[in-house]
Structure formats: C-alpha cells, structure tokens
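Please keep the structure open while reading.

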Amino acid sequence: MSESTLCPTETALPRFLDVTSPYDGRVVGAVSLTEATSSQSLIETARVGARKARTLSRHARGKILDGAATEIEQRNEEFAQTIVSEAGKTIRQARKEVLRAVNTLRLSAAEARRNAGEVIPFDSYEGSEDRTGWYSREPLGIVAAITPFNDPLNLVAHKIGPAIAGGNAVILKPSALTPLSAQLLTEALVRSGLPPEALSIVHGGREMAEAIVRSRDVRMVSFTGGFSTGESIARSAGLKKLSMDLGGNAPVIVLDDADIEHAVESCVSGAFWAAGQNCVGVQRILVAAPVYGAFRQHFLEATARLVAGDPVDEKTDVGPMISTAALHELQSKLDEALDAGAILLSGNVTDGNVLKPTVLEAVPADSRLWTEEVFGPVVMLRKFITFEEAIEIANAIEFSLHAGIFTDSLGKAMDAARQLEAGGVMINDSSDYRFDGMPFGGAKYGSMGREGVHFAYEEMTQPKVICIKN
C-alpha cells in the first residue's frame with residue numbers, strides 16, 4: 001500500500017504508523033504521521049484549497065465526485081479487501097460498504113448540481129414590490145472531518161462528498177486504526193480533478209486533531225466517534241459549526257402481533273453486522289410477554305447458525321472486533337453484568353479478537369452493558385407486559401440514534417414512531433437500516449446536526465441573499 005502524497009507536510013516526516021489486521025495482527029500497510037507542529041502549514045494549504053474549491057463550477061464539482069465514484073466502482077474488490085484487512089469486516093460486508101460509498105459520492109455529485117438556492121418572493125411583503133432576488137448556497141471554507149474505524153470508507157465519503165459538493169476545502173483525519181481506505185478515497189478524488197490543496201489527509205493522535213479543531217480558520221468540525229472525544233472537541237472548537245454523531249444504544253420493540261420469523265431475521269442481522277460495531281446496531285430487544293419464549297428460541301437458533309472467524313472467508317458472518325483493547329473493554333462490561341445477575345444465553349467465547357455472537361437476558365438496567373453503547377457482538381433480550389412499559393424502557397437511555405418496532409398494527413407502529421425518542425424509527429425493520437440519502441443523527445444528549453448527503457451539504461454551506469431593487 002503506497003503512502004499518501006496528498007498532505008504536503010507528510011513526505012518529509014520519518015515516522016510511520018503501521019496498520020495491522022484486527023484478525024491476525026499482521027501489518028497490512030503504513031501511513032506517515034503528521035506532526036502537530038505542522039498544523040499551521042496544513043491550515044495555510046487548506047486556505048489555498050478553499051479559494052480553489054469555491055471557484056469550481058457546480059458541474060466541475062459533480063464531475064469530480066462522479067469520477068471518484070466510477071473509479072471506486074471499477075476497483076471495488078481492491079477497496080473491499082482494504083476494508084477487510086484494516087477494519088476486520090467480513091468480505092461480504094466490505095463489498096456492501098464499497099457500494100454504499102459509491103452511492104454516497106453519486107448523491108453528493110447530484111447535490112452539487114442541483115442545490116444552489118432558490119428564489120425569494122420579496123414582493124410578498126408590502127413595500128417590497130419593486131424588489132426581486134434569491135439566495136444561493138455558499139461554502140463555509142475549511143471543514144475538518146474526523147472519522148471512526150467502523151465504516152472506514154463510507155463514513156469518510158459522507159463527510160468529504162457533501163463538503164466538496166458545497167465548494168469547501170477539507171482536512172481529513174481518519175481513524176488511526178483504519179486510515180488506508182480513506183487514503184484510497186482521497187487519491188481517487190484528486191485523480192478525478194479535485195485540487196490537491198482542497199483535500200489534506202492527516203494521520204496523528206489527539207494533539208494533531210486538537211490543533212486543527214482549535215484553528216479559527218476551520219469553519220466547521222464534522223465528527224463521528226465517542227462521547228468523551230466529542231465533548232473535548234466541543235470545548236476546543238470555539239465559535240464554529242459542529243456536527244457530531246456520538247453513538248447510540250438502539251432499542252427494538254417486538255409486539256405480540258409481529259411476524260416473529262421476520263423480526264428474528266432482522267434483529268440477528270442488526271445485532272451482529274460488522275461484529276456489532278455499528279452505532280445503530282440492535283442492542284436492546286424488548287419483546288412482548290406472550291411471544292417472548294418463541295422469539296428467544298428462534299433468535300438463539302438463528303444466532304447459532306452464524307459463522308464467526310476469518311473475515312476473508314466468504315462464509316464468515318462475524319469477524320473480529322477492531323482491537324484487543326476494545327474486546328477487553330466489552331468483556332469487562334459483560335463480566336460486570338453477569339456478576340450482577342444477567343443470564344448468558346449464548347456466546348461470550350473468544351478466539352483472538354473474535355467474540356462469538358453473545359445473547360443475554362435479565363441484564364440489570366443500571367449496568368454499563370445496558371446503559372452504554374456496546375459496540376460489539378452482544379445483544380440483550382427483555383420481556384415487557386404493556387406497550388407503555390416498552391416505550392418507557394426504550395426511552396430510558398439518555399442518547400439515541402435509531403429505534404425499531406415490529407408489529408402488524410399500523411396504529412401501534414405510528415404511536416411508537418411518535419413516542420420513541422430517537423433520530424429515526426424503523427418500522428418492521430432493524431434499527432441498523434440506513435439509506436445514505438436520509439437525514440441521520442441522534443436525539444437527546446450529544447445530538448448535533450445531521451448526516452445524509454443533502455442534509456450534510458446544507459450543514460456545510462450557508463445561504464447568501466442577493467436582492468435587486470428595480
């Protein structure tokens with residue numbers, strides 16, 4: 001894997017970061033580290049890039065984004081294998097992520113061409129009959145994008161795509177655990193015509209990120225990651241726009257009139273996709289008492305059929321967690337819950353960084369496993385008696401991205417949609433369903449802004465009014 005040449009400060013640096021496979025620990029690539037002292041040089045380069053990016057026509061921006069999408073489509077297996085090697089996703093899941101990234105870039109290209117603003121009806125206000133005009137959508141300038149490991153290609157595309165569509169320059173800091181997919185994407189964009197100064201990719205630790213975030217020249221920080229890091233960014237950023245996706249703890253409600261077979265299939269996939277390292281993954285399944293026994297039996301049978309192991313193997317359903325540290329943190333939560341009375345129904349068996357799909361019930365409501373984001377292949381079942389009880393349990397967590405409900409009753413589904421405190425409610429579908437064009441973000445604590453191409457584009461641009469007096 002070649003090192004990036006997109007950041008002018010990287011080529012002179014002697015230090016490199018090895019990227020290792022979370023499955024077997026082998027080195028799969030390397031990136032050159034960017035010194036925090038280089039941040040001012042990065043900002044100056046980004047200023048040049050911002051001036052060049054804003055002068056690109058909407059057609060040119062769309063062409064660049066479409067060009068990168070086409071290249072990724074043509075090299076889909078290479079991109080998928082890179083995701084597998086650095087993130088540990090199974091090859092089938094990685095191929096799906098590549099397809100989603102292609103779609104994200106194409107949606108961004110379409111946004112660049114069509115979302116230019118609209119006419120303002122000045123003459124609808126008495127005294128302004130002799131005025132006409134419009135507002136345009138203008139770039140913010142420099143956008144800092146900080147991305148996580150779990151979708152190392154598509155989540156980068158979700159930040160870079162709308163930013164470029166809006167005419168901004170981007171300083172991208174991908175996860176140090178999974179920087180290779182981001183490098184491939186940035187190189188594809190530059191080959192498609194993006195001015196190199198408009199997209200700098202940097203690799204470094206907290207000090208590097210803080211130096212970028214603090215800069216007054218950075219007009220927006222778009223971050224996906226943990227709550228503590230999000231709070232640190234908010235404290236450091238100063239007066240600039242923030243967009244943050246800080247995780248979730250998705251509840252799914254299964255009513256007694258639901259199609260149990262369909263609910264089980266959807267929830268198993270939603271709980272264990274990407275080894276559960278998914279911010280909208282199914283975490284807490286609340287099942288109506290009359291069907292709890294049947295649901296549990298079918299769920300455990302379906303879980304037992306999942307194959308955990310080598311992510312390169314086409315038959316594998318569940319690959320490794322991203323690191324030994326992440327696995328140990330999850331095992332600590334599991335041990336605490338089990339010591340407090342939780343009942344293990346399946347799993348909790350490890351092989352290297354692979355944790356076999358794990359199912360529990362009777363998990364204490366005050367345990368970290370129940371109240372925090374699991375971010376691993378662990379799911380919890382709980383029985384409820386009334387619909388109102390299910391809603392109350394679902395809403396008890398202080399942060400939420402998605403929720404789900406399975407029912408044959410449109411009335412109950414709509415009641416749940418109104419009452420569930422979440423950024424999205426999936427009806428008769430897993431909480432982890434996401435279309436890259438829909439608004440995506442959380443509810444309650446830590447919710448800031450929305451992703452989804454159209455909505456991120458509007459976050460990354462600002463309106464400018466043009467008014468002509470006749």
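Two strands are taken to pair if DSSP finds at least two bridges between them, and elements are DSSP runs numbered from the N terminus, helices being H or I with at least four residues and strands E with at least two. The model is predicted, so to be described local features need pLDDT of at least 70 and side-chain atom pairs pLDDT 80 or more, while totals for chains, interfaces and linings use all residues. Residues are numbered from 1 along each chain as its sequence is written, and side-chain values use heavy atoms, with hydrogens and water left out.

**Sheet**

- An open sheet of 3 strands runs in the order β3-β4-β21 with antiparallel pairing, and its edge strands, each pairing on one side only, are β3 (117-119) and β21 (461-469).
- From one strand to the next the twist averages 15 degrees, where axes are lines fitted to C-alpha atoms, for helices over the stretch in contact, and angles run from 0 to 180 degrees between N-to-C directions.
- β3 is joined to β4 (residues 131-139) in the antiparallel sense over 3 bridges, and G117 stands opposite S136 in β4.

**Helix packing**

- The axes of α9 (residues 260-272) and α10 (residues 289-304) come within 9 Å and cross at roughly 50 degrees.
- The two helices α9 and α10 are therefore oblique to each other, given that angles under 35 degrees count as roughly parallel, over 145 as roughly antiparallel, 65 to 115 as roughly perpendicular and the rest as oblique.
- The contact (heavy atoms within 4.5 Å) involves residues including I260 and F272 of α9 and V291 and T303 of α10.
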